[in-house]
Amino acid sequence: ENIRDVSEKEKEIKELADSIKHYGQLEPIGIEFDENENGKFKLVYGHRRLIAISKILKDKTIKVVRVSGNNRVETQLIENIHRKDLSDLELAKALKKIQEQAKSKGKNLKNKELAKIVSKSVDWVEAKMIHLNIFKSLPKEIKKQAKKLSTDKMKVIKDLPEEEKKDLIQRDGKDKLSTRKFKEEAEKKKSETSRNSKKVTKKQPTKNEIELKIIEINFKIEA
């Protein structure tokens with residue numbers, strides 16, 4: 001199962017092929033035996049490597065490793081997590097899928113256990129899960145633009161009103177804000193929202209306070 005949101009580009013495959021040509025195939029391709037097809041194998045991971053070698057470097061021998069069918073999905077997802085070209089959202093989705101796979105087998109995988117499986121820190125895993133939860137809560141119309149947000153950017157918009165989130169995400173897509181600038185803009189919006197909220201929620205006088213005020217006014221008039 002491929003957790004990427006974008007299709008593979010020919011330029012990326014060409015660059016990978018050039019790398020393999022100069023430095024060799026550093027990582028093997030994962031395969032599993034296909035029980036329904038005698039003598040054939042299914043590709044588990046390494047799709048880009050396979051294309052680069054088989055279509056561009058046709059004289060190269062492909063290094064492979066056999067993956068157990070029971071752990072096929074988990075192995076593919078873990079391998080994907082360590083790729084450098086995935087967005088933070090794609091990483092978060094991969095982590096979630098590993099949890100779901102474990103749950104389907106009757107195991108409730110906690111973040112601490114998940115961190116060990118993918119060789120990452122617990123904080124890293126928790127941050128990615130928070131990222132995914134925030135993304136899921138976003139309105140449909142801005143999810144497309146929010147897909148490329150980093151985890152650091154996603155966390156700072158968590159408490160912003162929907163319109164403010166939409167405005168900042170759209171601006172980031174247009175201006176490619178740095179993480180620092182994005183955070184500064186988010187803080188400005190939070191401050192503005194807080195000030196506006198205080199104006200709207202200004203304390204209303206109680207019935208007793210109104211009656212006392214009326215008595216005070218009447219007293220001044222009589223005086």
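**Figure 1. Overall fold of the predicted chain.** Among contacts in the chain (heavy atoms within 4.5 Å) between residues at least 6 apart in sequence, 57% join residues at least 24 apart. This is a predicted model, in which local features need pLDDT of at least 70 and side-chain atom pairs count only at pLDDT 80 or more, whereas totals for chains, interfaces and linings use all residues. Residues are numbered from 1 along each chain as its sequence is written, and side-chain values use heavy atoms, with hydrogens and water left out. The chain holds 11 helices and three strands, these being DSSP runs numbered from the N terminus (helices H or I, at least four residues; strands E, at least two). Read along the sequence, these elements follow the pattern α-β-β-α-β-α-α-α-α-α-α-α-α-α. Of the 223 residues in the chain, 31% are buried, where buried means under 20% relative accessible area, exposed over 50% and partly exposed in between (1.4 Å probe, protein chains only).

**Figure 2. Packing of helix α4 against helix α6.** Helix α4 (residues 88–104) and helix α6 (residues 122–137) pack at an angle of about 100°, and their axes lie 9 Å apart; axes are lines fitted to C-alpha atoms, for helices over the stretch in contact, and angles run from 0 to 180 degrees between N-to-C directions. The two helices, α4 and α6, are therefore roughly perpendicular to each other (65 to 115 degrees; under 35 counts as roughly parallel, over 145 as roughly antiparallel and the rest as oblique). On the α4 side the contact is made by residues including Asp88, Leu91 and Leu95, and on the α6 side by residues including Lys128, His131 and Phe135. By class, the contact of α4 with α6 has nine nonpolar, two polar and five charged residues, with Ala, Val, Leu, Ile, Met, Phe, Trp, Tyr, Cys and Pro counted as nonpolar, Asp, Glu, Lys and Arg as charged, and the others, Gly among them, as polar.

**Figure 3. Surroundings of threonine 151.** Threonine 151 is placed in helix α8 (residues 151–156) and counts as buried because its relative accessibility is 3%. Its side chain makes a polar contact with the side chain of histidine 131 (2.9 Å); such a contact is a pair of N or O atoms within 3.5 Å, of which, within protein, one must be able to donate a hydrogen and the other to accept it, and residues adjacent in sequence count only if both atoms are side-chain atoms. Not counting residues up to four places away in sequence, threonine 151 touches Asp88, Ala127, Lys128 and His131.

**Figure 4. Valine 156 in helix α8.** Valine 156 lies in helix α8 and is buried, with a relative accessible area of 12%. When residues up to four places away in sequence are not counted, valine 156 touches Phe182, Lys183, Ala186 and Lys190.

**Figure 5. The largest nonpolar core.** Of the 18 residues in this core, Leu138, Met154 and Ile157 touch the most other members; a nonpolar core is a set of buried Ala, Val, Leu, Ile, Met, Phe, Trp, Tyr and Cys residues joined through side-chain atoms within 4.5 Å. The elements that give two or more residues to this core are α4, α6, α7 (140–146), α8, α9 and α10.

**Figure 6. The loop at lysine 176.** Lysine 176 lies in the loop between α9 (162–175) and α10 (179–200) and has a positive phi of about 50° although it is not a glycine.
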